[in-house]
Amino acid sequence: RDRRLPRSQQPAAAAATYRLPSFNWLTAFLAEARRQIDRMRPAELASLLWCMASLNHTPDLIFMECWYRAAAARMHAFSAQSLALSLQALGMLRPGTDVPGGVSGRWLQAVLLHSRGFLGSAQQQCGGQELARLLWGFGELRFWPGQAWMDGWLAATQEQLASMQPSDLTDMVWALARLRYAPPKPWTQTLAAAVTGTLTGFSTQGLAMVIWGFSRLGLRPERQWLLRFKSASGAAYEDEAAQRLAQFVAGLLAQQNRQRFSAQGRVQRVASR
């Protein structure tokens, strides 16, 4: 998959008319940023890395080492928003883990420890968008955060699923599929209900990624949910690119096949009694 912003952060088509900075300008900019990085606050560190990722510019190894050092030193001061934005930016850059210039396992463990406080906070410090960004970043880095962290994430997310935006729901399903983690059935049912309630707000890519993610995880929504999904998505796909349409159809067929084979299995078990 090409590097791109998560669906919650994709710019409008009109933004393509702006002229991007040259490679030399970005290199000089990062050199100056590196000299000032020890004075940057967490929000500035996060925004700096996110801007580079949005511009499709991979910082050099020296800059990334300085960034990791500065971010680790200020980890205790990162807000949920800044931490989620940093992880999202790293997911967009996909530098790998424990490789030269990549995200160190020690830094990711520090992120897990710090973010766990947000997940269990009674003050709801972590909103729906931040929850989606955190998991999306882990998914793009192919980093498994551990079952204990996922349990906290699922509990925090379930309380907010009904009020989350379609773009965040899309990123969430995509991330779960990347991590190959199928949540418990009650959580999945709540997710399916949240998707159903906001179907008209999904982009065509979002619709494709949701059904693809469900299929990838082996999740089987109820038949009525699939019928409503197909009805809502029919008009959106009239002029859609062939690749996205094929992706959507493949996921939908996989869902229907699983339901059919599951039904056949139940019939065979009853007949053999």
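Q: How many salt bridges does a search of the whole structure find?

A: Side chains of opposite charge can pair when their charged atoms come close. A salt bridge here is a side-chain nitrogen of Lys or Arg within 4 Å of a carboxyl oxygen of Asp or Glu. The search of the whole structure finds five. This is a predicted model, in which local features need pLDDT of at least 70 and side-chain atom pairs count only at pLDDT 80 or more, while totals for chains, interfaces and linings use all residues. Residues are numbered from 1 along each chain as its sequence is written, and side-chain values use heavy atoms, with hydrogens and water left out.

Q: Are Glu-140 and Arg-178 buried or exposed?

A: Both are buried. Their side chains meet in a salt bridge, 3.4 Å from N to O. This pair links distant parts of the chain, with Glu-140 in helix H6 (residues 128–140) and Arg-178 in helix H8 (residues 166–179), 38 residues apart. Through salt bridges that share partners, Arg-94, Glu-140 and Arg-178 form one network.

Q: Which helices do the buried residues of H3 pack against?

A: Contact means heavy atoms within 4.5 Å. The buried residues of H3 (residues 61–73), including Phe-63, Met-64 and Trp-67, pack against H1, helix H2 (42–54), helix H4 (80–93) and helix H5 (105–119).

Q: Which residues touch the most other members of the largest nonpolar core?

A: In soluble globular proteins, nonpolar side chains tend to be buried together. A nonpolar core is a set of buried Ala, Val, Leu, Ile, Met, Phe, Trp, Tyr and Cys residues joined through side-chain atoms within 4.5 Å. The largest one has 76 residues, and Phe-63, Trp-67, Leu-90, Trp-107, Trp-149, Trp-153 and Trp-225 touch the most other members. Leaving aside residues up to four places away in sequence, Leu-90 touches residues including Met-64, Trp-67, Tyr-68 and Trp-107.

Technical notes
Buried means under 20% relative accessible area, exposed over 50%, partly exposed in between (1.4 Å probe, protein chains only). Helices (H or I, at least four residues) and strands (E, at least two) are DSSP runs, numbered from the N terminus. The expected span of a helix is 1.5 Å times one less than its number of residues.
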